[in-house]
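Subject: The structure we talked about

Hi,

Here is the structure I promised to pass on.

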Amino acid sequence: MKPLSSYNTPKLRPSRLSWRAASLLVLLGLAACSPFKLLQPGQRLLSRVEVQGVEQADQERLVALAQQQPNTRFPLPKLAIYHLGYRFYDSARIREKQRAIRKTYAARMQAAGTDSAELGKLLVRRERQLNRKQLVLDKGNSIMRLGEPPVVYDTALTRRSVEQMTIYLHSQGFFRARVTAVDTARYRPSLVARALKSIGSVLPSKPDSLDATKRYRRVSVTYNVVENKPFFYRLQEPSIPDSGVAAVVRSGQAASLLKENDRYNEVLIGEERARLETLLKNAGYYDFRPQYITLEADTSYEAFTVRLRTLIANPAPGQGHRVYTVQQVRFVTDAGVGRTLRSATGDTLRRAGTAGDLRERPNLGMRTDTTVTDSIHFAAYDQKFSTRTLARKVLVRPGQRYSLARTLQTQRLLADLDMFRFNTLNYQKVADPPNTDSTGMQPSTGKLVGIINASPAPKFSETSEVGGTYVAYLPGPFINVRLKTRNPFGSAEVLELGVRAGFEGQSVRVAGVTGDNTQAVYTTQLGATAALVLPRFLVPFNVNNRMARFNPKTRLSLSETYVKRPEYTRSNFEFAYDYLWQSSPFHQYVFSPVIVTLVNTPTKSADFTRRLEELRVNDGSSLFRSFVSLIEPSFSFTSLYNSNDFNQTRDAKYLRMFAEIGGVTRSLYQDALFEKAGLNVYDFARFSADFRRYHRLSPQTYFAWRLNGGLVHALTRTKDRETGTSQYVVPYDKSFFAGGSTSLRAWQPRRLGPGGFTPTRLEKGEIVRDYLTEQPGELLLEGSAEYRFPIYSFIKGAFFTDFGNVWGLQEQRDSFGNYKRPEAQFQLNSFYRQIAVGSGIGIRFDFTFLILRLDIAAKIYDPTAPSDQRWAIRNFNTDANRPAFNLGIGYPF
């Protein structure tokens with residue numbers, strides 16, 4: 001055998017090592033990172049936890065009850081990262097630095113003398129630096145904190161895990177369940193160890209006497225569960241001495257969570273107690289407490305049977321529960337922050353305030369302006385809100401029984417007004433008359449005074465946003481300024497004004513307008529919006545009182561967007577009239593009876609106009625319609641259900657359905673509009689649906705997936721005024737597109753598709769693929785799957801895969817009957833072969849109030865490529881498949 005040095009010829013560069021040599025280096029590197037170096041003598045590393053024998057119980061819940069879990073290996077090898085950081089960790093050196101910091105600052109503080117301000121600054125700086133070093137001592141350096149310390153096996157924690165699992169199984173009806181644990185120090189050598197052993201003859205080394213013991217320093221723990229037969233319910237008649245309470249419970253029995261012959265479940269029993277408490281509080285029992293409810297279980301009646309009886313005790317012997325009604329409702333509209341917070345926490349101690357406050361407001365207890373509207377007493381020093389508008393949001397009225405549901409809904413409706421920083425609705429009991437006997441089994445009805453304290457929000461609020469985008473490899477700054485005015489006309493309206501200005505990089509929209517040298521250019525974007533939101537339906541008939549619990553709103557909005565590019569300038573004006581309402585905190589509806597969009601392109605370059613015409617004639621592209629003057633009258637309906645929060649930290653669902661119909665009456669005015677104003681009018685029907693599912697796998701890991709689709713279709717044919725032919729025409733802005741940071745992230749925005757059509761362009765006399773022209777479609781089918789996980793502190797990571805495409809439904813044909821864009825038409829027998837697939841990784845900076853996102857994606861399968869190049873992953877990092885970088889705010893879905 002030749003020595004190794006003989007293989008290092010000038011023809012073989014280090015970067016040209018074979019994949020076998022590279023694999024060998026990787027194996028050697030992994031072997032060098034042995035975790036056993038982190039263990040003390042006698043310690044063993046927990047490598048695996050398994051729960052066996054579970055048939056009916058929740059296995060994931062049982063696994064989570066294990067008090068020790070192995071180190072995380074996916075998506076990051078946390079133990080290996082910790083070990084890497086440990087190599088640079090020196091506690092003695094860190095303590096020496098701490099001593100040096102104390103010594104340095106002692107000298108500085110002595111030099112500062114009696115200067116208290118300087119001494120304070122020095123103390124703050126010293127403590128900050130010492131705390132940083134102490135953090136490193138306690139939890140390791142930054143690399144170690146990115147990883148995880150080794151999980152040292154503890155038999156005491158295993159015994160505790162057995163106890164917790166047994167308790168959980170008993171709570172689920174498996175009263176005779178048994179849990180045992182078996183731990184073993186033996187393990188099967190890993191793939192890396194076996195590979196190293198197999199190449200031992202190639203790289204001989206001196207035997208290590210510790211190799212034999214290292215094999216047995218890993219521990220696997222197996223929890224063996226024997227469930228045995230579970231116990232089932234036998235529901236008994238409830239025992240409720242108070243006849244009024246018994247009647248309420250019977251009326252709500254159909255909604256009970258406990259069903260005959262279901263398996264015993266303590267969680268459901270707890271939820272049933274909460275349901276009964278809410279049921280009774282909604283029926284007027286203001287003083288009712290959950291301590292009165294007992295669900296008595298008896299297992300001695302029959303084998304594997306639990307006799308369950310509901311007991312609702314009285315407050316005291318010989319005394320029944322009391323029903324309360326609302327005697328009066330008071331609404332203080334300028335209570336102040338302090339009073340509102342004290343009311344929310346039950347602190348009724350009155351603060352008199354400073355002497356200056358007393359001079360300004362001599363009567364703190366009584367408001368000088370009191371108005372009664374719809375039986376509600378409104379009190380304020382100066383009534384600035386329409387009492388009629390506020391009364392619609394208050395669902396509690398005199399004469400009603402107390403209801404917890406109406407109380408909470410009133411608070412939610414007032415909060416949705418966006419007029420108050422805080423609002424509370426509390427009740428005060430009215431003292432009984434002296435001759436009232438309230439100690440009998442049927443006590444008299446109690447009286448309550450409902451007091452709403454609301455602290456007004458500032459009349460004006462301003463939000464500024466300065467940032468940048470990175471599109472087409474060009475950075476672009478932008479600024480957004482939004483001004484919100486509350487209650488401008490005295491009826492709790494919200495007026496919002498906004499302006500936006502920025503520069504954004506873009507690839508040349510249509511290839512060919514810059515000659516043979518395609519390039520990225522800057523786009524100047526200016527925009528302005530104005531929206532007025534009214535807290536009621538603006539209709540000629542009275543429905544607001546009946547719709548109050550649905551939080552009805554009317555929104556009128558205007559927006560103008562102006563775009564200037566080297567090849568054109570374009571403006572888009574839109575007016576929308578919307579009705580909004582909610583059936584629950586998660587479900588919102590929007591009906592827009594009037595939407596008018598006006599598109600105008602005042603200037604176009606000659607080269608750009610010529611290229612648009614080429615695309616229209618050769619490919620049947622509808623891109624030219626985006627640059628003609630047109631008006632789009634339409635109406636739409638939206639249903640939006642979203643049970644998630646802003647940071648997407650729940651196990652939740654999202655469903656958005658949208659339908660829009662436009663131009664249905666165009667026959668009455670389309671000719672006149674074109675002749676007098678040069679405006680085109682099209683008719684169309686458009687529908688889209690977006691479903692998302694968020695699965696919470698652990699407190700900080702999630703799996704989210706999305707399915708999104710839509711279609712748009714022209715209702716009737718439109719005559720082409722240049723050629724005289726008629727065809728189905730869809731407005732360009734109503735088309736669907738695929739690609740971009742919230743779609744298929746491996747493709748540039750709006751550049752994927754349609755179908756299997758390969759767009760081309762002419763460059764230097766040669767036909768090449770066109771990656772620059774937008775590709776509209778009339779049918780969209782796409783989806784995404786994403787695994788989200790924590791990396792370090794506020795830094796999160798993600799692995800994702802996107803798939804989908806757009807297709808045409810009304811593709812144009814040439815004189816021979818062939819489609820001008822081959823394979824762009826949707827076909828049931830071939831569309832599945834035209835599904836594009838891309839994958840990538842993402843980094844997210846989660847600041848709670850703001851989420852910044854960077855996604856890097858590559859194409860896996862590209863149906864628009866030539867047939868022999870569709871598996872784009874084989875051509876990674878070429879012109880056909882360069883990594884796509886997507887910057888954005890918020891999650892992609």
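Below is what I found, going from the whole protein to a few of its parts.

A word on the basis: this is a predicted model, in which local features need pLDDT of at least 70 and side-chain atom pairs count only at pLDDT 80 or more, while totals for chains, interfaces and linings use all residues. Residues are numbered from 1 along each chain as its sequence is written, and side-chain values use heavy atoms, with hydrogens and water left out.

The protein has 17 helices and 31 strands (DSSP runs numbered from the N terminus: helices are H or I with at least four residues, strands E with at least two). Of its 893 residues, 41% are buried, meaning under 20% relative accessible area with a 1.4 Å probe, protein chains only. Among contacts (heavy atoms within 4.5 Å) between residues at least 6 apart in sequence, 68% join residues at least 24 apart.

Helices α4 and α5

Helix α4 (residues 91–112) and helix α5 (residues 116–139) have axes that come within 10 Å and cross at roughly 175 degrees. The axes are lines fitted to C-alpha atoms over the stretch in contact, and angles run from 0 to 180 degrees between N-to-C directions. That makes α4 roughly antiparallel to α5, the term for angles over 145 degrees. Residues in this contact include I94, I101 and Y105 of α4, and L119, L122 and L130 of α5.

The five-strand sheet

An open sheet runs in the order β8-β9-β7-β11-β10, with mixed pairing; two strands pair if DSSP finds at least two bridges between them. At the edges are β8 (369–373) and β10 (420–429), each with a single partner strand, so one side of each has no neighbour in the sheet. From one strand to the next, the twist averages 20 degrees. Strand β11 (residues 446–456) runs antiparallel to β10, and nine bridges join the two.

The three-strand sheet

A further open sheet has the order β1-β3-β2, also with mixed pairing. Its twist averages 15 degrees from one strand to the next. Seven bridges join β1 to strand β3 (residues 218–226), and these two run parallel. Here R48 stands opposite S220 in β3.

Best wishes

How values were computed: Angles under 35 degrees count as roughly parallel, over 145 as roughly antiparallel, 65 to 115 as roughly perpendicular and the rest as oblique. Buried means under 20% relative accessible area, exposed over 50%, partly exposed in between (1.4 Å probe, protein chains only).
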